[in-house]
Amino acid sequence: MIDQQYFDNLITTATAALTGDEVLLAAAHSEATDFTRFNNAQVRQAGSITQTSVDLDLIEGQRHTQASVQLSGDASADSTRIANVLDRLREQRALVPADPHLVINTEPTSTHQVGENNLPDRNDTLAAIVDRAGGRDLVGIYTAGAVATAFANSLGQRNWFETSTFNFDWTFYLQADKAVKSSYAGFEWQADAFDRKVADATVKLEALGRDSIDLPRGDYAAYLTPAALDEVVGLLSWNSFGAQAQQTSQSALLHMLNGTGELDASVRLSEDTANGVAPNFQEQGFMRPDEVVLIDEGKMADALVSPRSSVEFDMAPNGAAGDESPRSLAVAGGDIDADDALGQLGTGLYIGNLWYSNFSDRPACRVTGMTRFATFWVEGGEIVAPVNVLRFDDTVYNMLGSQLKGLTSEPEFIFDNATYGERSSASRRLPGALLEAMRFTL
């Protein structure tokens with residue numbers, strides 16, 4: 001993994017070779033990640049990844065061309081590689097049309113933020129995981145390490161954001177599709193917190209051993225854990241909060257935008273950069289504010305505005321990335337104690353996870369998907385029996401609107417466990433949600 005000085009030196013060298021009115025933008029992602037895969041509570045694969053990629057954007061006027069470069073860590077070789085790529089970008093730039101929506105940050109704002117590295121010793125953590133599994137069939141993946149995001153341009157701006165985190169995503173399997181999925185993520189491993197996670201999963205694993213029941217289609221009161229609510233809120237992150245989607249009526253929250261739909265007044269969603277693990281700047285060098293409120297008191301608030309959308313729709317940019325998706329989405333908690341959630345549910349469904357979720361009617365914000373793993377029938381606030389797989393099909397306006405009874409008071413920090421190409425720095429903070437009714441169609 002490179003350090004900031006190494007990155008700065010590379011871009012300074014590249015800047016010295018620019019010609020005419022050229023401007024260079026460079027956005028880097030660097031990581032040093034350990035990973036360990038478990039099967040049947042035993043380590044099956046362990047390794048580490050150290051990599052750095054840099055996205056280059058060579059601009060002259062309104063014409064620009066882009067490329068990505070993988071760095072080796074050898075300064076001479078990396079400088080030569082970048083110089084060669086810039087030569088090719090110049091050749092390509094002569095052939096591309098002007099980009100009317102190109103805008104860059106011309107007021108350089110440099111930042112440096114490095115979080116404390118309190119990660120545990122990997123061997124100690126792996127030993128603790130195997131010990132707490134207690135002979136149960138545990139399957140999962142543990143990842144940990146430092147991730148750095150950087151930006152630099154030929155105008156003198158330099159930004160560096162580095163954080164060290166861990167994420168343990170695991171499942172206790174009973175048999176066939178009977179399993180309990182859980183996760184534990186953070187900045188510092190706390191044995192007591194992990195033990196509570198294991199204890200909770202163990203109770204549900206034992207309940208899965210009871211005879212399962214089939215429920216007919218219909219509406220049922222339900223409690224969605226933070227992990228289950230994440231599936232629903234995650235769909236909204238696709239293309240609902242961005243200025244481009246909202247201005248072109250492609251947002252799934254179209255009814256909220258035109259005033260014909262709203263959520264419960266207790267619902268507040270925000271891009272909470274100050275409390276996330278994503279950097280406070282984006283790939284064109286624009287800074288992200290600590291918070292952008294997206295939904296307030298159940299009504300639409302601000303949009304995420306990328307630099308391109310700011311030009312196209314004459315709006316002020318607020319640090320959104322090009323896809324205008326939230327990187328640190330937070331849903332404010334309510335006033336229900338999570339330990340009392342089943343008591344307040346009374347009779348209904350406890351839903352631990354959802355999957356295969358997608359929009360069944362995007363303009364109406366109607367979503368569908370399947371229950372997964374630990375879903376139970378509850379009576380008198382107590383788990384009675386596991387429930388066989390159900391399909392839900394309902395609108396967000398019902399689930400987080402007319403049918404929302406309340407939210408738990410302590411949101412859970414959920415890290416994105418995606419590692420496609422590189423380790424994700426996205427996260428969400430979500431409470432559990434208690435629903436008066438949720439519609440199940442199969």
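Asp 314 sits in the loop between helix 8 (307-312) and strand 12 (328-331), where helices (H or I, at least four residues) and strands (E, at least two) are DSSP runs numbered from the N terminus. Its phi is near 55°, a positive value in a residue other than glycine. Asp 314 is exposed, with a relative accessible area of 71%; exposed means over 50%, buried under 20%, and partly exposed in between (1.4 Å probe, protein chains only). The model is predicted, so local features need pLDDT of at least 70 and side-chain atom pairs count only at pLDDT 80 or more, while totals for chains, interfaces and linings use all residues. Residues are numbered from 1 along each chain as its sequence is written, and side-chain values use heavy atoms, with hydrogens and water left out.

Ala 41, found in the loop between strand 1 (23-39) and strand 2 (42-60), also has a positive phi, near 60°. Ala 41 is buried, at 9% relative accessible area.

Turning to charged pairs, the structure holds 20 salt bridges, each a side-chain nitrogen of Lys or Arg within 4 Å of a carboxyl oxygen of Asp or Glu. Glu 22 pairs with Arg 93, their closest N and O atoms being 2.9 Å apart. Glu 22 lies in the loop between helix 1 (4-16) and strand 1, and Arg 93 in helix 2 (residues 75-93), so this bridge ties together parts 71 residues apart in sequence. Both ends are buried: Glu 22 at 7% and Arg 93 at 8%.

Arg 93 also forms a salt bridge with Glu 60, at 3.3 Å between the closest N and O atoms. This pair links strand 2 to helix 2, 33 residues apart. Shared partners join Glu 22, Glu 60, Asp 87, Arg 90 and Arg 93 into one network of salt bridges.
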